[in-house]
Amino acid sequence: MAIIKNKEERKGVLFLLASAFIYSTMPVFIRTLGGAGLPPTAQVFLRYIFAFLAAIVYFGLTNKAKVKVKSKDVLPLLGLTVFGYGLMNLFFTLGILNTQIGNALFLFYSYAIITPILGLIFLKDKINKFNIVAVIFSGIALILLFQPNSLPTWKIGGLFAILASFGQAGYLILRKVLKDYPANFIMLANTFVGLIILGVLSFVFENKFYFQGGIMNMSINTWVTTIILGLANFFAWFAMTKGFEYFKATAASIILLSELIFGIFFAFTFFHEIPTYATFFGGFLILISSVVVITRGEN
């Protein structure tokens, strides 16, 4: 590959591909756990437990100095951790469980187009003609991807996937606001707050799972899958962070789009989900829009 000029960049590409691959396996695990009877909020809560444990270890090994949160950053940090991370992953899980994986992934990746718009509104970032073209393309794509399907729950799944994309876009905007805080601290805060928020929501809305024997009857395979998903949640983030250290951001973001290809392949392999023509064309427009924003947008 011509763009890979040295050993460091090759290392970066491997980290980014590893991240995209790990992230693309998550819908398979989510569907597997859903099929095993694990409620969606409990599913995210339990996997956060193991992601948080991994984040503690990582923070302990890499933290170089004491991190102090400034008072002006408390609200942005809460927004980042509660909505941008905790609820975003819940919305993504609900999207995967209620529509085709390909549809959910394409809709989720519209965050690449939503982020510059939010940046314009909240951070007064500039938006250029390429951003506008991408927004138009993505608007057409969303119309195609929201075509009625045979499943009455499709639109519900699509709505949650869109909410997840807004959560991811919000995360990127708030991470820019909190750019002075190290990545290991942000991941620790994300998993800790996510653990608390999802735990409360799960015990409130899915209390039967905890108090009527559901959690006690979880099989060993279900527990192992939950642990793997929680650790995958952490290691995909870790690989992505490392990839951005070794490789320039523009090309790195494009490489991460390979998650869409991996995800559709796994959806076909494990669940025999065949994308419709509307999904293919809508997804193609999302992909092109994302590449345009990443390569030509100024944000």
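Here is a walk through this chain, from its overall build to a few single residues.

The model is predicted, so local features are described where pLDDT is at least 70, side-chain atom pairs count only at pLDDT 80 or more, and totals for chains, interfaces and linings use all residues. Residues are numbered from 1 along each chain as its sequence is written, and side-chain values use heavy atoms, with hydrogens and water left out.

Start with the fold. You're looking at 13 helices and 0 strands, where helices are DSSP runs of H or I with at least four residues, strands are E runs of at least two, and numbering goes from the N terminus. Of the 299 residues in the chain, 51% are buried; buried means under 20% relative accessible area, exposed means over 50%, and partly exposed is in between (1.4 Å probe, protein chains only). Now take the contacts, meaning heavy atoms within 4.5 Å. Among those between residues at least 6 apart in sequence, 87% join residues at least 24 apart.

Next, the inside. The largest nonpolar core has 64 residues. Such a core is a set of buried Ala, Val, Leu, Ile, Met, Phe, Trp, Tyr and Cys residues joined through side-chain atoms within 4.5 Å. Phe92, Phe108, Tyr109, Ile186, Phe209 and Phe234 have the most contacts inside it. Pick out Phe108: leaving aside neighbours within four places in sequence, it touches Met88, Phe92, Ala161, Ala164, Ser165 and Gln168.

Thr225 sits in helix α10 (residues 220-246). It counts as buried because its relative accessibility is 15%. Not counting residues up to four places away in sequence, Thr225 touches Phe29 and Leu33.

On to the outside. The chain exposes about 14,800 Å², with carbon and sulfur atoms supplying 72% of it; the areas come from the Shrake-Rupley method with a 1.4 Å probe, and for residues only the protein chains shown count as cover. Ile132, Val133, Ile136, Phe137, Ile140, Phe281, Phe284 and Ile288 form a nonpolar surface patch with about 690 Å² of accessible area together. Helices α6 (129-145) and α13 (277-296) each give two or more residues to the patch, and α6 brings the largest share, 5 residues. Phe284 lies in α13 and counts as partly exposed because its relative accessibility is 47%.

Finish at Lys208, in helix α9 (residues 207-211). With 57% relative accessibility, Lys208 counts as exposed. Leaving aside neighbours within four places in sequence, Lys208 is in contact with Gly213 and Gly214.

Key: Patch = residues over 30% accessible without salt bridge, like charges linked within 9 Å, V, L, I, M, F, W, Y side chains within 5 Å. Salt bridge = Lys/Arg side-chain N within 4 Å of Asp/Glu carboxyl O.
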